[in-house]
Amino acid sequence: MDQNQRPTPQRTLGRLFLACLFVLAIGGSAKAELVRDLVTLHHAPSIPLEGIGIVTGLANTGDKKEAALTLLRKYMGNSNFDFDVASLATGNIAIVRVKAEMPAFSRPGQIFPVSVSSIGDAKSLEGGELLSCDLFSGQELMARATGRVITGAGILTRGTIPSGQNSGAMQLATYPFGMVVSDDMLLRLNLNRPNYNDAANIARRINETPSLNPNLQEVTMFAENTATVPVAIAKDPGQVIVRIPDRYRYETTRYIASVLDVPVAVDRPATILVNRAMNSIVITGDVRVSDATVSLQDKTVRVRPETPEEPAAYVLENDTPRNVVELGGPGSNADLQTLIDTLNAMGLTTEQVITIFEQLLASGAINAKLINQ
C-alpha cells in the first residue's frame, strides 16, 4: 500500500472522537445564501419576550424549596382556584424562566415556540408541562405560553415548547413595529453578522439584478458611459441601504421580497466552537493549519512536510503509517480534515483534542477563532 496515501474521511468519521459530536463545515470560505438569511429589516426585528412560570407533572425531580409552592399559590389565587396548596408535593413542580422571540410583523393569535430553564433546584424538567405563563416585552404583556416541555439529551433542566395547536406562545397584542420603508423610499438591511465583504457583496448583487435596478435596463449598447446609478450602497459593515425605485412605489412589498431572494456569496469566518458540557466541537469556514508541533502527555502531533526519515508512531485504519500531518505542498497549509484524521487515528479523547486546538490557536498555527460556549 502506498505509504503516502491519505485516509478517506468516510473511514474515520464514523469513529470520530468516540461519543463526541463533531460537526464540520469545511471547504470554501464563501457560499451562496439568500439575502433574507443574512439580514434583518431595519425597524423590524424579532421581539424578545420573557416571563416566570411553573412546570408541573415532574416525577419528584422538581424544586424542593418552598418558593415553588409560593408561586403556585399565587397562580391558583389569580385563577380563582381554592384549595390547600401546601398539601402538594414540592418535588412535582419547578419554577422556570420562560423566553421567546416574537416574530416581526406577527399578529394576535399567532403561535411561536418558547424555551424554558429551571431557576430553582430542580434536577430535571423531563415530562413536565408549563402552566399558562404571561410573557412580557418590558412591562407590556404580549403573549401567553403553555405546553409540554421537551428536554434535550444533555441538560435536563432546560427545554423547549414547540409551536403547535395547544402549545407554544400565543400573541395577545399588536406590537407597534416601525416603518420598514422610510418616507424617502429607503430600505435598510441590517446584517446579522457585520462583515465588510458581505455588505459589499449584497449591495453589488442587488445593483447587478435588472429587476431590482431599473437603471441597468436604461443603458443601451450605444451609450458612451455605461456606468449606472446604484440603487444599493453598503453604508458600513453592518448595513446596506436600498433606494426603492419610483416604479415600485406602490409595490414595495413585492420589491422587498425580490431583494430578500437575491443569492449572495458570503464569507464564513474560520471558527471553532467548543462546548465541553455537550462534548461537541463545531468548525465553520476554511480552517487551515500551518507548520507546528504539539506534545500532549505521551502523544506528539507534528504538522509539517512528511519526510522518509520520520518514524511511524501509529497507523491508520488502512494500515498507512503516519505520525505527522502532511502539508498540502510547498508554501501551503494542512487542511483540518487531515488533522482530524490523524488525531482520530491516535485515539485522542475529546478533551485532548480541545487542548491541542487551544495550543495550536495560541501559537498561531491555526487561522481560526476559538469560542468556548
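Now look at what surrounds Ile111. Set aside the neighbours within four places in sequence. Ile111 is then in contact with Ser163, Gly164, Gln165, Ser167, Gly168, Ala169 and Met170. Take Gly168 from that list. Ile111 and Gly168 are 57 residues apart along the chain, yet their C-alpha atoms are separated by 6.2 Å.

Next, the sheet. Four strands form an open sheet, in the order S3-S13-S15-S14. The pairing is antiparallel. The edge strands are S3 (39-41) and S14 (232-236), and each of them pairs on one side only. On average, neighbouring strands here are turned by 30° against each other, direction ignored.

S3 pairs with strand S13, residues 186-191, in the antiparallel sense over three bridges. Val39 stands opposite Leu191 in S13.

Helices pack on this sheet too. Helix H3 (residues 196-207) touches S3, S13, S14 and strand S15 (239-243). The direction of H3 makes about 165° with that of S14. Helix H5 (residues 252-260) also packs on the sheet, touching S3, S13 and S15. The direction of H5 makes about 170° with that of S3.

Then the rings. The count comes to one aromatic pair. The rings are those of Tyr248 and Tyr255, with centres 4.9 Å apart. Their planes stand at 45°, so the pair is tilted. Tyr248 is buried, and so is Tyr255.

Last, confidence. The protein averages a pLDDT of 77, and 74% of the residues score at least 70. Among the elements, S15 has the highest mean pLDDT, at 95. Helix H1 (residues 9-12) has the lowest, at 36. Over residues 1-29, pLDDT stays under 50. The model still has 68 contacts beyond four places in sequence for residues 1-29. Be careful there. Where pLDDT is low, the predicted coordinates should not be read in detail.

Conventions: Residues are numbered from 1 along each chain as its sequence is written. This is a predicted model: local features need pLDDT of at least 70, side-chain atom pairs count only at pLDDT 80 or more; totals for chains, interfaces and linings use all residues. Side-chain values use heavy atoms; hydrogens and water are left out. Two strands pair if DSSP finds at least two bridges between them. Helices (H or I, at least four residues) and strands (E, at least two) are DSSP runs, numbered from the N terminus. Axes are lines fitted to C-alpha atoms, for helices over the stretch in contact, and angles run from 0 to 180 degrees between N-to-C directions. Contact means heavy atoms within 4.5 Å. Rings of Phe, Tyr and Trp (its six-membered ring) pair if their centres lie within 6.5 Å; planes under 30 degrees apart count as stacked, over 60 as edge-to-face and the rest as tilted. Buried means under 20% relative accessible area, exposed over 50%, partly exposed in between (1.4 Å probe, protein chains only). pLDDT is the predictor's confidence in each residue, from 0 to 100.
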